[in-house]
Amino acid sequence: MLANERKIAELIASTSINTVNDVISLLRALDGALVDEDGLKWFNLLYISVSEGVRDRSAVVQWENPKWLERLDVIFAKLYFAALAHWHSDRGRMARSWAPLLELRDKRGIMRVQFALAGINAHINHDLPIALVQTGKELRLAPKRGNREHRDFDKVNAIIDAAQEKAKQFIATGIVGLIDEDLGRLDDRIANFSVRKARETAWSNAEILWSLTRAPTLRDDFLTNLDRLVALASRGLLVPA
């Protein structure tokens, strides 16, 4: 295995995550534990770029409910960190949606952008609706289309677009500046995966999950099927180019 799994697990276990800055600090610490040949590194780097973009833009964007947005960011990130911790210590508890990326992260022939997109797929399509519901329950705010939280949620799309565009060149060239991927293919891969559409679907799925609060069996079935579908999609994203 390319990464020091124990070190990653120890970093996660020893870090208290309460703010977006805490999230970014841990993401950067994880980056230090991931070598360039590890596919997970490229999703993690994209996550850093997006998180820093949200943090930096928060100084100028007029959020309607900044407390909700920061809490969502923290809960959302914790699901990613939990997947990494479970991969090291208890894979039976890990969401299946993360398995393709973590299983194939050292496989040759897969472009770095594919690893990044597989991480985005798992995190947005599986983790985000769960994070929206958990945040809503904690703050007593149901996910509802058109409310102030949904408007803030939509504002984040522009930040993600800018961060993703900035990160594309970085992912393509790598931290040592060695170009080993074709930028045309890179753009084609990204064009086939819409983060905006994925986030909007995640919101819809959060509304469904919220409505199933009093039907735990149906809720669990929904989550199980969602997890399987997201895992299947990630395996498709990780077919060697």
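This is a predicted model: local features need pLDDT of at least 70, side-chain atom pairs count only at pLDDT 80 or more; totals for chains, interfaces and linings use all residues.
Two packed helices are described by the angle between their axes and the distance between the axes. For α2 and α4, the packing angle is about 25° and the axes lie 9 Å apart. The angle falls under the 35 degree limit, and α2 and α4 are therefore roughly parallel to each other. The crossing of α2 past α4 is left-handed. On the α2 side, the contact consists of Val20, Val23, Leu26, Leu27 and Leu30. On the α4 side, Glu70, Asp73, Val74, Ala77, Tyr80, Phe81 and Leu84 take part. Sorted by class, this contact of α2 with α4 holds 10 nonpolar and 2 charged residues, with no polar ones.

Helix α1 also packs against α2. The axes of α1 and α2 come within 10 Å and cross at roughly 165°. An angle over 145 counts as roughly antiparallel, so α1 is roughly antiparallel to α2. Here the crossing is right-handed. Lys7, Ile8, Leu11 and Ile12 of α1 meet Leu26, Ala29, Leu30 and Ala33 of α2. Of the residues in the contact of α1 with α2, 7 are nonpolar, 1 is charged and none is polar. Leu26 and Leu30 of α2 are named in this contact, and Leu26 and Leu30 are also named in the contact with α4.

The burial pattern of α1 can be read alongside its packing. Helix α1 spans residues 5-13, and its buried residues are Glu5, Ile8, Ala9, Leu11 and Ile12. Viewed down the helix axis, these buried residues fall within an arc of 160°, so they line one face of α1. Arg6 and Ala13 are exposed on the other side of α1. The cover over the buried residues of α1 includes α2 and α4, the latter spanning 66-89.

Aspartate 31 is found in helix α2, which covers residues 20-33. Its relative accessible area is 17%; because the limit for buried is under 20%, aspartate 31 counts as buried. Leaving aside residues up to four places away in sequence, aspartate 31 touches Lys41, Asn44, Leu45 and Ile48.

Arginine 199 has a relative accessibility of 6% and so counts as buried. Beyond residues up to four places away in sequence, arginine 199 is in contact with Ile124, Leu128, Phe153, Val156, Asn157 and Ile160. For one of these, asparagine 157, the C-alpha atom is separated from that of arginine 199 by 8.3 Å, although the two residues are 42 residues apart along the chain.

Arginine 140 is found between α6 (112-139) and α7 (148-173). Most residues other than glycine have a negative phi. Arginine 140 is not a glycine, yet its phi is positive, at about 60°. With a relative accessibility of 77%, arginine 140 counts as exposed, because the limit for exposed is over 50%.

Note on methods:
Residues are numbered from 1 along each chain as its sequence is written. Side-chain values use heavy atoms; hydrogens and water are left out. Helices (H or I, at least four residues) and strands (E, at least two) are DSSP runs, numbered from the N terminus. Buried means under 20% relative accessible area, exposed over 50%, partly exposed in between (1.4 Å probe, protein chains only). Contact means heavy atoms within 4.5 Å. The arc is that of the directions from the helix axis to the C-beta atoms. Axes are lines fitted to C-alpha atoms, for helices over the stretch in contact, and angles run from 0 to 180 degrees between N-to-C directions. Angles under 35 degrees count as roughly parallel, over 145 as roughly antiparallel, 65 to 115 as roughly perpendicular and the rest as oblique. A crossing is left-handed if the near helix is turned anticlockwise from the far one by less than a right angle, and right-handed if clockwise. Ala, Val, Leu, Ile, Met, Phe, Trp, Tyr, Cys and Pro count as nonpolar, Asp, Glu, Lys and Arg as charged, and the others, Gly among them, as polar.
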